[in-house]
2 protein chains.
Amino acid sequence: MAGAETPEEDTDVQMELSADTGDENSCENTQSSHRMLSFSDALLSIIATVMILPVAHTKIYPDQRFDKSIQKLLATKIAVYLMTFLIVTVAWAAHIRLFQIIGMIDDTLALLNLACMMIITFLPYTFSLMASFPDVPLGIFLFCICVIAIGLSQAAIVTYGFHYPYLLNRQIQQSENKAFYKQHILNIILRGPALCFFAAIFSFFFFPVSYLLLGLVIFLPYINNFIGWCRDKLVGTKPEEQPQSLEFFTFNIHEPLSKERVEAFSDGVYAIVATLLILDICEDNVPDAKEVQEKFHGNLIEALREYGPNFLAYFGSFVTIGLLWFVHHSLFLHVRKTTQFMGLLNTFSLAFIGGLPLAYQQTTEFAQQSHSEIESIRVSCVITFFAGIFQFAIWSTALLNEQETLHPFARYGGKEHAFMFAKLALYPCVSLVAFSSTCFLSEFSTTIFHLMQIIVPFAFLLLRILVRITLAILRSVTTLARPEETMLEDEETRLCTAEILS
Amino acid sequence: MAGAETPEEDTDVQMELSADTGDENSCENTQSSHRMLSFSDALLSIIATVMILPVAHTKIYPDQRFDKSIQKLLATKIAVYLMTFLIVTVAWAAHIRLFQIIGMIDDTLALLNLACMMIITFLPYTFSLMASFPDVPLGIFLFCICVIAIGLSQAAIVTYGFHYPYLLNRQIQQSENKAFYKQHILNIILRGPALCFFAAIFSFFFFPVSYLLLGLVIFLPYINNFIGWCRDKLVGTKPEEQPQSLEFFTFNIHEPLSKERVEAFSDGVYAIVATLLILDICEDNVPDAKEVQEKFHGNLIEALREYGPNFLAYFGSFVTIGLLWFVHHSLFLHVRKTTQFMGLLNTFSLAFIGGLPLAYQQTTEFAQQSHSEIESIRVSCVITFFAGIFQFAIWSTALLNEQETLHPFARYGGKEHAFMFAKLALYPCVSLVAFSSTCFLSEFSTTIFHLMQIIVPFAFLLLRILVRITLAILRSVTTLARPEETMLEDEETRLCTAEILS
């Protein structure tokens, strides 16, 4: 943990604060908030992802074709999943904002945070109600009540924090305008719940208005920000009106987002998606004792052979998720500071990652039916492609402002730049190739697809060696051409290259 | 993350190392292992816990009594859950040992680690096979193959690490005896897989021997250690034979265990258990549109009233898990160094935590049947009691060696000592009270039980105030009796107390 700290030195001032004061604070009952935040991240990431299970578990029997009613059922469930994912990530972003203000916690804050988490975990249920009964306003009413409760608990956390200022982050603690900040933050936090209050009232009369109001809750700050930006561009850039204004709660796309928490949330999503797979394997693919006795004369190996494709699918999916995590991990090693916009792109990538169990379920469900087989492979390819392309987008966004967001190695022209590019491009390319194979090759099957997935990591290693060799050649060519000014640096690189290739 | 670092300064030398060298290492392709380890912890904790789902989902219909066949089915599934939990925690402990040796990682190590994780996630399936077909040796054979594969991948990691010594932790990196260490570590890592190899062979002839050998794999190091300890006691303590021996890989119960990873693993278990509940709620408690139309004439609120007890049970369980996490969190804030034995006690506590979804399912399943109702409340009480009592045991163990394992505040006589004691004693006491209530009060029902669960956090806050007041009174009495030598310290305490009570 200490190792990941170095890159953040210059960005997360409030983190530094907690490191300085440590556990043995002036007042003995304050605590570092680190572990509570990791726990919250884990909870939120699981909640965001777990709603894919009801989608993946929608049973489609062999004699049943993909008709209207099943399509509608699937669409409903997918909508619930996406809405849950969206709203949980919004709640998560709000939670990050909140705890960028609060530096330290005590027992009361920990309990308030748990209460807030409990209400958030209840949100998916309100979505299930909304999706199952679109004509009944009860679902949206319950949802509004939840949002109001979350807002109130967050307001309680802020009020408590300002009441015991040693809990606040140092920037605010040392400022003169505490009262102004408190008002500003409470205003922003309570804006959403206030709109939800009206939405809850409207849900009894004319509930489309409620949906409109809810949409406003999510997009209002960005619209506000956009209008402000346009005005500034038209009228001409004004000087900073409020020199004391905060770095947080700006809703600017360049607003910093705790990199550590983005990583923790992503780890949670990847881990739960990887393990949902084995749950399916354990529940569905253990043969029934009676069936083995009757159909296979007690020969278990014979019985397991039937499940062969499922195991292949499992390993293929695990490899895909593992490697996508690996790319994400490599990417964030090179990122020094995350912004709200990068966080948003990461959320999109994760939403597709969360859809992978669905792809897995599809490719195994339809393994026998040759017609839908190709379709299910295509769904898998599309999901993988978008998961990969959004990771690539994070990288591109970071490159636009590379001085601030990236470590020197990964910047344009840096030693790791080309390799990082290759890594990020791998999955979009692989899924494109697989997708086009389904169009041209008539023999393409799920088995080949899963084998392809399993082979990819070796492509990674091959890539590593290829990039190294190319770079080494390029470098030796340029070294021959120019004088020995940066000989020392090259020496070091060649040493590393030699080590890797040995 | 930086905040939690202070207490570990003196223990985790290898963590410090990665902080010193940071991301921008001498060789650009090495990375801090922090995030990979968190991801592994998340994966392993989910795998360990998720096998409770098949147990909890065992359907018992209202007309079906608790007969032999269902008892056997449940027992099988619980056995699978416990075996999975045990073996995953053993694998996790081995993983910690391994990465106390490896300080930094590079891409190859990250991929090797992912491969190792993939094989570990497959272990639960082999248990399902073993439990469903106890007479067929295939399950145990597959299990042995997995263990051998895990051992080989770990050996590959160690060999790779010793081949590029800059990846090793500093203690080994600076030592003269690298070859000796390598041999020693490889010996220990490959001992298990070697025994499993024989177990795999025996599984074809006479598989009870295989089970015996597998038992040996887990207990051998401890037996070995115990024999050595007895010999030392009988013959007389010998001086250290190997002055160069490592702090790790001793299998001594005082061997240090990375506190950070114990916390990460525990967080994973608590988070997944808390969220498994909402999954059940969303899958089972959304009424069917047709049923609502027919039975309740389209009145959704009427229909939801039927599920009332389930929501109460959900909130009760969430509160229980949340508070048990909170106690764990408070406990580990005061712990400076964890040992293997404390890790073991923590594992037992977590195994019971993992059983809580079962308790939840039981109390909701039997909510209508008055006879089994009391029994299911008792099961919940027993599970909660053991989860709490093992947390208490961690604390007691830490107190035995408090100079080394605890922060000054939490030691005997420290400011937080009494309060920590009260926190840890709360859940065992509450579950004992609830258990005895089921014996004496004929009116005790699940509703009362869940209301009781929801009230507990307020008891926490009450406890805080009570303990503070008692301490303040005690302290003012002793201050009056003795001269003002420690006046300053008291001043500070009173200030804090005043702040909390205000």
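This is a predicted model: local features need pLDDT of at least 70, side-chain atom pairs count only at pLDDT 80 or more; totals for chains, interfaces and linings use all residues.
I begin with chain A. Helix H2, residues 34-50, and helix H5, residues 107-132, have axes that come within 10 Å and cross at roughly 5°. Angles under 35 degrees count as roughly parallel, and H2(A) and H5(A) are therefore roughly parallel to each other. On the H2(A) side, the contact is made by Met36(A), Phe39(A), Ser40(A), Leu43(A), Leu44(A) and Ile47(A). Their partners in H5(A) include Ala110(A), Asn113(A), Leu114(A) and Met117(A). Sorted by class, this contact holds ten nonpolar residues, three polar and no charged ones.

I stay with H5(A) for the aromatic rings. Across all chains, 42 aromatic pairs are counted. One of them joins Phe122(A) and Tyr125(A): the ring centres are 5.6 Å apart and the planes lie at 40°, so the pair is tilted. These two residues are three apart in helix H5 of chain A, and about one helical turn therefore separates them.

Finally, I turn to chain B. Helix H18, residues 417-440, has 24 residues, which at 1.5 Å a residue should span 34 Å; the end C-alpha atoms are 34 Å apart, in agreement.

Conventions. Residues are numbered from 1 along each chain as its sequence is written. Chains are lettered from A and ligands numbered from 1 in the order in which they are written. Side-chain values use heavy atoms; hydrogens and water are left out. Axes are lines fitted to C-alpha atoms, for helices over the stretch in contact, and angles run from 0 to 180 degrees between N-to-C directions. Helices (H or I, at least four residues) and strands (E, at least two) are DSSP runs, numbered from the N terminus. Angles under 35 degrees count as roughly parallel, over 145 as roughly antiparallel, 65 to 115 as roughly perpendicular and the rest as oblique. Contact means heavy atoms within 4.5 Å. Ala, Val, Leu, Ile, Met, Phe, Trp, Tyr, Cys and Pro count as nonpolar, Asp, Glu, Lys and Arg as charged, and the others, Gly among them, as polar. The expected span of a helix is 1.5 Å times one less than its number of residues. Rings of Phe, Tyr and Trp (its six-membered ring) pair if their centres lie within 6.5 Å; planes under 30 degrees apart count as stacked, over 60 as edge-to-face and the rest as tilted.
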